[in-house]
Amino acid sequence: MQVLSRLIIAFAAIGLLFPHATARGEDSAGRIAGRIVDAVNGLGLRRTHVVLRPAEGGLSAIGVRTDERGMFEIREIPPGRYSFLAELDGYLPGTTAYRGAYRIPEVITVGGAAELTGLEIRMSKWATIAGRIRYDDADPASSMLMQAWREQSWRGRRGYIVAAAARTDDRGEYRIYGLQPGSYLIAAVYDRTVPVPNLTEQPRLDASGLPIPPEGFTTTFFPNSIKLSDAVPLKLGHGSEITGIDIYLTPVRQLNIRGVVIDGVANAIVKSPVLTIERDAADGSSGVPLQVPLLTDPQGNFELRGVPPGSYMLYAESVSSGIRIGVNYPLTVGSADVVNLKLVMRPAGLFPVTIKSDLGPEEARHLRLLFEPRSARGQVIREQADLRAKVSLMPDETYDVTVDNLPEDYYLKSLTIDGHEIGLLHGAAANAASPLVIELEKKGGRVHGRAVTESGQDVLTGANLMLIPDSQKLADYRDGFSDELGYYQFRGVPPGKYTLVSWLDEPPCDVWRNRGCAAYGQPVAVGEGETVNTVLRYKPPASN
């Protein structure tokens, strides 16, 4: 329904967007004109490259550059669907256009001799982080790979992604630019390779002729920690420039991990395992990969070399006899090598599921069960639902359970096993005799109203909205948008307390964990079958 509503609103808005359209036919070309401005001071930005990107096949991108006042005009636009992109050095890409108080949809339809003028695209400056990397003796570390890691939260899944990277120059200095607002972890990645192949490096000897435990450099997080849990995040706003983010690389003990990966279905050693090691994030999210060499022999023995002490997760996944198998193995590396490690990849297990509702078999057939792993590496399981089903789940994963394509005003009321309500489903419980009972209820609440600007004088069009539940259950979240008149509606809302938040481009808070959202939203309480009317004032993120 939401997709259909978006299409209806988009087509309804065409008359508002193109008031000067004539009846010259679909083969006529269109025209779009406007101005590119700095989002803070409103000054026009010259030399900005403005591009209309086709949103359908058979069309080509069309671009122009702004004049000294930031004005642009794109003429002779073939009929079709397009999106905006504005690019200028020093600024984040601009993709959102406004016409007065109206926020233009992300994709617009150009037809006939339509003219869309008076547009404004507001661009924000990018953020920058700079510093210097030195070894423990203060010598500069040149050609060192620097990475800016950003924590990513999407629904119940959390992990880290590389947002940007750079290398140090001959003085050990670096500068990472083009960053969006947000929090980042800065890492100096020691990725030097051996100078020649098949190198055997001899250990150094102490005064007594005994081997000295090997030491070396490894990935180090600001401020000078090899542990992900001790890394200090840096918070950036639009146009922020943080300098002096210096890191000293200190030699640490380097250890080896040796073992085998076993196919749990065939009960055999995997000869060429694909193995990944990540620093443990300690909060259940996926961590940052550790870049160390993986060596294997013909018998399937593996060795991870140069691993510093710390907590890690080892991941291996494969397919055996057409069955997906895998293992997520937590490991702590101390002061000695890890040897004779056996990683057993176990197969997915079948979990019985029963749907409890007043829906008939034909109605239930349209439902889709979603089992969404908390691990960022896991695969989302989608199954067509009937009144009884069996779902294949990986044993080392933890899943959120949601239901798509619910009829209007229905919601997921409870998840129970043996009569006990659960919040998350553990794949290790697969093959159990007792089913997961998914109870659906048709007395969901409704929340509707109008989104307005902070002053309350104008409606807020095209805004993203989310009802964030205090329960933190993934199935209780509801998202939507405001139409061209600022109206919105949520149906099938489970009873409970919520925070209603709106935003234009980037969420102002961590919506999937409800961190800091109270400052940008408003509380909403919904009872069973209750209709709640609200007026939501948009609160822009605080500038930094």
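**A tour of strands and cores**

Select Leu52 first: Phe84 of strand 5 stands opposite. This is a predicted model, in which local features need pLDDT of at least 70, side-chain atom pairs count only at pLDDT 80 or more, and totals for chains, interfaces and linings use all residues. Residues are numbered from 1 along each chain as its sequence is written, and side-chain values use heavy atoms, with hydrogens and water left out.

Six of its eight residues are buried (under 20% relative accessible area, 1.4 Å probe, protein chains only). Strand 2, residues 49–54, pairs with strand 5 in the antiparallel sense over six bridges (pairing takes at least two DSSP bridges). Strand 8, residues 108–110, is also antiparallel to strand 5, over three bridges. Pick Arg81: its bridge partner in strand 8 is Thr109.

Inspect strand 6 (97–99) against strand 9 (115–123): two antiparallel bridges. Ala97 stands opposite Ile121 there.

Move to the largest nonpolar core, with 25 residues (buried Ala, Val, Leu, Ile, Met, Phe, Trp, Tyr and Cys joined through side-chain atoms within 4.5 Å). Phe371, Leu425, Leu436, Ile438 and Leu440 have the most contacts inside it. Strands giving two or more residues include strand 29 (349–356) and strand 37 (436–441). Select Leu440: it touches Ile355, Val403 and Leu412, among others (heavy atoms within 4.5 Å).

Terms used: Buried means under 20% relative accessible area, exposed over 50%, partly exposed in between (1.4 Å probe, protein chains only). Helices (H or I, at least four residues) and strands (E, at least two) are DSSP runs, numbered from the N terminus. Lists of a residue's contacts leave out its neighbours within four places in sequence.
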